[in-house]
Amino acid sequence: MAKPIRRVAVLGAGVMGAGIAAHLASASIPVLLLDIVPPDLKENEKQDRAARNRFAAGGLDKAVKNRPALFMHPSRAQLVSVGNFDDDLQKLAECDLIIEAIVERIDIKRALFEKLDNIVSGDTIVASNTSGLRISAMLEGRSQRFREHFMVMHFFNPVRYMKLLELVVGPETLKTVADRVRIFGENTLGKGIVWGKDTTNFVGNRIGAFSMMAAIHQMLDSQLSPEDVDAIAGSPMGRPKSAAFGTADLVGLDTFVHVAKNCYDGLPDDEERDVFKIPAYITGMLEKKLLGNKSKAGFYRKSKDGARETYDPYTGEYRAQAKGSEVQNATKALRGIEETAERVKALVADQGPAGQFAWKTIARTLAYTARRIPEIADSIPAIDDAMKWGYNWELGPFETWDAIGFQESCARMKADGTKLPAWIETMLSSGAKSFYTADGKVWDAAKGAYTTRETDPRTLPFSSVRTKVLEENQGATLWDTGDGVFALTFKTKSNSIDVDAIEMIHKAVDRSESEGRAMLIFNEGDNFCVGANLFAVVAAAMQGEFDGIKTMARRLQAGAQRMKYARVPVVAAPFGFTFGGGLELCLGANNVQAAAETYAGLVEVGVGLVPAGGGTMGLLWRAFEGVPEGAAVDSYALVTQVFKNIALAKVATSAMEAQELGYFRKNDGVSFDRARQFYEAKKRAIGLAEAGWVAPAPRAYKLPGASGIATLGMMVRTLVQGGQASEHDALIAGKVAHILCGGMGGHVEPVTEDKMLELEVEAFASLCGEPKSQERMQYMLMNNKPLRN
């Protein structure tokens, strides 16, 4: 086994360095964050450690305040200690890994590495986060030991959210060092590892910069607008919705230009070097400090009246956004194609300007990428993974090539005069029809044949590990996943909960108890579960079918209770949006294995309702869990905090924050790599089963009752009087308070779970009859955002 990495230093507290430190701390790794001593210290500050550490402390402070959050919970910042290069460099001898993230200047890096060479020893690894400098150049003059323990760890920004970690070794890097870093990156940080070569901009930025620059040049050649390009280069191409120019604004024009210029300067022999030349109009934007979102103006900006404007590349001035062009109308027709591969194929088949632009840029990028093997990477999957994990492409370049038809597109490229590398010609001669095959093989460019694709068994897709269907209806499916573990998955839009899904919960528990030894709730898609099917609730409410609404709510509550008291362990695996009923399922499960990027909350008040699947009780009972029997506890304090979380629709922005808020337990699992979530959830379920699972017993608590309801009501009334809440908000909050306080008599005797659930159902049904609640629900359905009234 590789020696574990327990303590890490990050050198450089800029955007990347602080982001790396934040992610390490989120993974429970103690971090030493160092930067230079500020050069402009006053005489009375020169011996002041706080002043000398100002740059590092400032970088940490910015990371804590950053939005979107870089730490998975602010408390993790306690694991980061700060210092400076002059006073604290000797502390690096105590670290297992040192990550350099200073300015991209070879002379400054060499000077720092010279100092490190005299400090570090033994197994300590030094890694550079450089985005393009050559290892050989950085290591000039370094010792043999330093060279053997040196490599590149290239993170992508923002570090927390971007899965890609490019690893590059030098000619003398020890295999044990590379393995140790890989294991740390995968297992501790949850990163997707791509092995690159020691070439300019490595893998992701080499292909990403080429693709974006090719699109910009083609736009100018075709006389299209930035709006047209982004209409094509976003979802229709299987790329992020920010597309080309929106993405450049997001990362910053200065950063984007730096990456492209680095390619142009560092690749004198690249056959497509001129693609990396920055057009004059973009150079002009930099001179005007139009840097994108960071300067509130880039390729796009908002005018004083809030209207979106575009920087016109042909006039050099901002103008109103152009809408309704031929290109934009053509791409609208593609939105109904759900499968990415089919959507891209339809796009390049289009004979209009949208299809012509897409074909020219895609074909050029695919051919360029093919010619980069083995220059930047040895394998096809490495490049595909780099673009999916580092640039959020839905399909990598070679997956895109398969989607549009390998043989057909090669013929079209040749007809256009596009040069393809010899290994592609070998593929064509062999009769190969795709880079990837259905039986798990991939074309090996070096061997000129298909080989079995290397896979991590922990990241196998759910579709490949489920064995057979045990139960199925229109809303959900119960799968046998082997080892006596059954998995319930939803089939509804956004994995919402409808009557079919509710019925399948009951069947899933029955089958798991009688035939299995554990049960999972494991959904696929972008989000775990966005809550109840609001359309069904609105339809019933508008028709006055309140008895039916109560029946559905009670059935969902009963399903959550069945899971909680099942004779086998039930593990939920939330990820993405886990709202309303989705969180209620997690509260009903005995255990949770959450993806790190889970956004959870009981948000029903936003649509004029209260939780109706046992969420109010589940959250409150969860708050009582740590209280020892017999302890005198202020139930009002616990009720108040749960009340705030529900009444304010508080959403946890990570699994760790959900633990801190009491939505998940502190000992619930967190999967840093969502690709491993099913594997880890199943292991957790099996572990609980093999440890001797015993179902919990129902509980009852004395609650604040009438006095608590009155006190919470006064709190809400103050908000209404201050204009911070509406009368309808107050009505909903009053219902939440009534439930959480156990009704007017909640203080008289312990309130049972059945009583809590009935209070919840009555409140839910009564609000469904409120016109303003109905208005909120309808508004949400139409606009996908809450209405405040």
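Helices (DSSP runs of H or I, at least four residues) and strands (E, at least two) are numbered here from the N terminus. Residues count from 1 along each chain as its sequence is written, and side-chain values use heavy atoms, with hydrogens and water left out. Keep in mind that this is a predicted model: local features need pLDDT of at least 70, side-chain atom pairs count only at pLDDT 80 or more, and totals for chains, interfaces and linings use all residues.

Let's start with Asn-129, which sits in the loop between strand 5 (125-128) and helix 6 (135-138).

Now jump to helix 25 (residues 581-588) and helix 26 (residues 615-624). Their axes come within 9 Å and cross at roughly 45 degrees; these axes are lines fitted to C-alpha atoms over the stretch in contact, with angles from 0 to 180 degrees between N-to-C directions. From helix 25, Glu-584, Cys-586 and Leu-587 meet Gly-615, Gly-618, Leu-619 and Arg-622 of helix 26.

Further along comes helix 27 (residues 635-647), a run of 13 residues. Among its buried residues are Val-639, Val-642, Phe-643 and Ile-646. The buried residues of helix 27 pack against helix 26, helix 28 (655-661), helix 30 (705-721) and helix 31 (727-740).

Notes. Contact means heavy atoms within 4.5 Å. The expected span of a helix is 1.5 Å times one less than its number of residues. Buried means under 20% relative accessible area, exposed over 50%, partly exposed in between (1.4 Å probe, protein chains only).
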